[in-house]
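Please look through the sequence and the structure before reading on.

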Amino acid sequence: MNVRPKFDVTFCSNCGRQFGPGDRGYSHCEQHMTPQQASEMARETRAEVYAQWIADDCDGLSTALTVPSVFPHTTAELAKARAHVALALARIDRAIERDNQAHQENR
Ligand SMILES: [Zn+2]
C-alpha cells in the first residue's frame, strides 16, 4: 500500500500559503485555520471593507456639503453623523497606532 502523499507541497488557493505534503491543498483559508483564526481574519476583512466604504461615504458627504448653503432640516442628522465620525476617528487612530507599533516590534 502506497502511503506517500500525492504532492510534496500543497497550497491554499485562497491565500497562497504553502503547506507540507498532502493529497490535496485547501480552497478556503477556513480549512487550514482554527475557528479563532478564521473569525479574526473575517474581522480583519470586515474592518477593511468598512474602511473603504466609509472613505467613499465621507467623500460623498463632503462633496454634498461643499457648496455653502443652509440645510435647515439636516442639522440633527449632521450632528449625529459628526459624533459617529469623531468616535470612529479616535478608534481608527488607535488602530493605526497599534499597527505601527506591531510593525516596529517585528523589525
Ligand atoms: Zn489560506
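## Secondary structure

How many helices and strands does the protein chain have? In this predicted model, the protein chain has two helices and two strands, and when these elements are read along the sequence they follow the pattern β-β-α-α. The radius of gyration of the protein chain is 23 Å, whereas the globule rule gives 13 Å for 107 residues, a value that is well exceeded, so the chain is more spread out than a compact globule.

## Overall extent and burial

Taken along the principal axes, the box that the C-alpha atoms of the protein chain fill is roughly 80 × 30 × 20 Å. Of the 107 residues in the protein chain, buried residues make up 0%. Among contacts between residues at least 6 apart in sequence, 3% join residues that are at least 24 apart.

## Domains

The domain assignment of the protein chain gives domain 1, which covers 1-32, and domain 2, which covers 34-106. The centres of domain 1 and domain 2, taken over C-alpha atoms, are separated by 37 Å.

## Helix H2

Helix H2 takes in residues 75-106, and at 1.5 Å a residue its 32 residues should span 46 Å, which agrees with the 46 Å that lie between its end C-alpha atoms. How many buried residues are there among the 32 residues of H2? The count is zero, and H2 is accordingly described as hardly covered.

Definitions and conventions:
Residues numbered from 1 in each chain as written. Predicted model: local features only at pLDDT ≥ 70, side-chain atom pairs only at ≥ 80, totals over all residues. Helix = DSSP H or I, 4+ residues; strand = E, 2+ residues; numbered from the N terminus. Rg over C-alpha atoms; globule rule 2.2 N^0.38 Å. Buried ≥ 20, exposed ≤ 12 C-beta atoms within 10 Å, placed from the backbone. Contact = placed C-beta atoms within 7 Å. Domains from an automatic or database assignment. Expected span 1.5 Å × (residues − 1).
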